[in-house]
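Please find my notes on the model below. They are meant to be read beside the coordinates.

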Amino acid sequence: MPHVVAVPDIDEAVLPGEPAADYVVRMACGKARAVRAQGGALPVLAADTIVVIDERICGKPGDEAEGIAMLTQLSGRSHAVLTAVALAAGGGLAHRLSTSEVRFRPLSRAECVSYWRSGEARDKAGAYAIQGRGAVFIEHLSGSYSGVMGLPLFETAQLLSAAGVPYWPERAPGGDRP
């Protein structure tokens with residue numbers, strides 16, 4: 001679907017005592033509101049993803065030590081991945097939340113270091129990307145693959161449909177109807 005990318009400038013700090021689901025929804029909605037406030041008539045779709053383990057929110061790691069520590073904590077364990085998606089269209093704002101459970105196989109420290117140094121983990125919640133090399137760590141996934149990737153397509157389609165925003169092209173490439 002045709003789109004324009006805009007990067008919102010919002011405070012992403014977790015509020016004291018804020019539940020993980022509330023935080024991730026607040027981030028997605030805040031991003032959508034911030035971009036909507038920049039003007040323009042297009043619908044604004046925003047998302048935010050976090051990893052939660054032991055009731056701790058793991059966002060994007062700040063450095064190598066934090067990234068390796070996150071991977072070590074995820075090793076051989078299950079964690080939740082929460083992705084909120086928000087749509088600002090017309091005068092309204094709606095959101096959906098995707099929750100998935102991911103279990104990592106046990107990882108060696110050398111794997112964690114090597115993966116971090118590949119560069120893939122640097123800007124990813126929980127220090128891994130399911131759509132990349134990080135997929136080799138995943139023993140089990142229950143939930144939404146696209147939600148773990150960062151944009152839950154089922155929930156996104158629900159929001160777009162409810163707002164009357166078409167997400168299928170009128171004609172498929174080559175002129176055939178979809």
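The points run from the overall fold to single residues.

1. **Basis.** This is a predicted model: local features need pLDDT of at least 70, side-chain atom pairs count only at pLDDT 80 or more, and totals for chains, interfaces and linings use all residues. Residues are numbered from 1 along each chain as its sequence is written, and side-chain values use heavy atoms, with hydrogens and water left out.

2. **Fold.** The protein has five helices and five strands. These are DSSP runs numbered from the N terminus: helices are H or I with at least four residues, strands are E with at least two. Their order along the sequence is α-β-β-α-β-β-α-β-α-α.

3. **Overall dimensions.** The C-alpha trace spans about 50 × 45 × 25 Å along its principal axes.

4. **Packing and surface.** Of the 178 residues, 39% are buried. Buried means under 20% relative accessible area, exposed means over 50%, and partly exposed lies in between (1.4 Å probe, protein chains only). Among contacts with a separation of 6 or more, 64% join residues 24 or more positions apart. A contact here is heavy atoms within 4.5 Å. The accessible surface comes to about 9800 Å², and carbon and sulfur atoms hold 55% of that. Areas come from the Shrake-Rupley method with a 1.4 Å probe; for residues, only the protein chains shown count as cover.

5. **Charge.** There are 17 positive and 19 negative charges, and their mean positions lie 4 Å apart. Lys and Arg count as positive, Asp and Glu as negative; His and the chain ends are not counted. Each charge is placed at NZ of Lys, CZ of Arg, CG of Asp or CD of Glu.

6. **Salt bridges.** How many salt bridges does the structure hold? The count is seven. The criterion is a side-chain nitrogen of Lys or Arg within 4 Å of a carboxyl oxygen of Asp or Glu. One of them pairs Glu64 with Arg117 at 2.9 Å, N to O. Glu64 sits in helix 2 (residues 64-74) and Arg117 in helix 3 (residues 109-117), so this pair ties together parts 53 residues apart in sequence. Glu64 is partly exposed at 29%, while Arg117 is exposed at 57% relative accessibility.

7. **A strand-to-strand pair.** Arg103 and Glu139 form a salt bridge at 2.8 Å, N to O. Arg103 belongs to strand 4 (residues 92-104) and Glu139 to strand 5 (residues 138-142), so the link joins parts 36 residues apart in sequence. Arg103 is partly exposed at 29% relative accessibility. Glu139 is partly exposed at 47%.

8. Asp123 is partly exposed at 44%. Lys124 is partly exposed at 23%.

9. **Backbone angles to check.** Most residues other than glycine have a negative phi. Glu55 is not a glycine, yet its phi is positive, about 65°. Glu55 lies in the loop between strand 1 (44-53) and strand 2 (56-58). Is Glu55 buried or exposed? Glu55 is exposed, at 81% relative accessibility. Ala127 also has a positive phi without being a glycine, about 70°. Ala127 lies in the loop between helix 3 and strand 5. Ala127 is buried, with a relative accessible area of 0%.

10. **Helix 5.** In helix 5 (residues 153-162), Glu155, Thr156, Ala157, Leu159 and Leu160 are buried. Their cover includes strand 1, strand 3 (78-89) and strand 4. Gly164 follows helix 5 and has a positive phi, near 75°.

11. **Gly150.** Gly150 is in the loop between helix 4 (145-149) and helix 5. Gly150 is partly exposed at 21% relative accessibility. Which residues does Gly150 contact, leaving aside neighbours within four places in sequence? They are Ala47, Thr49 and Thr83.
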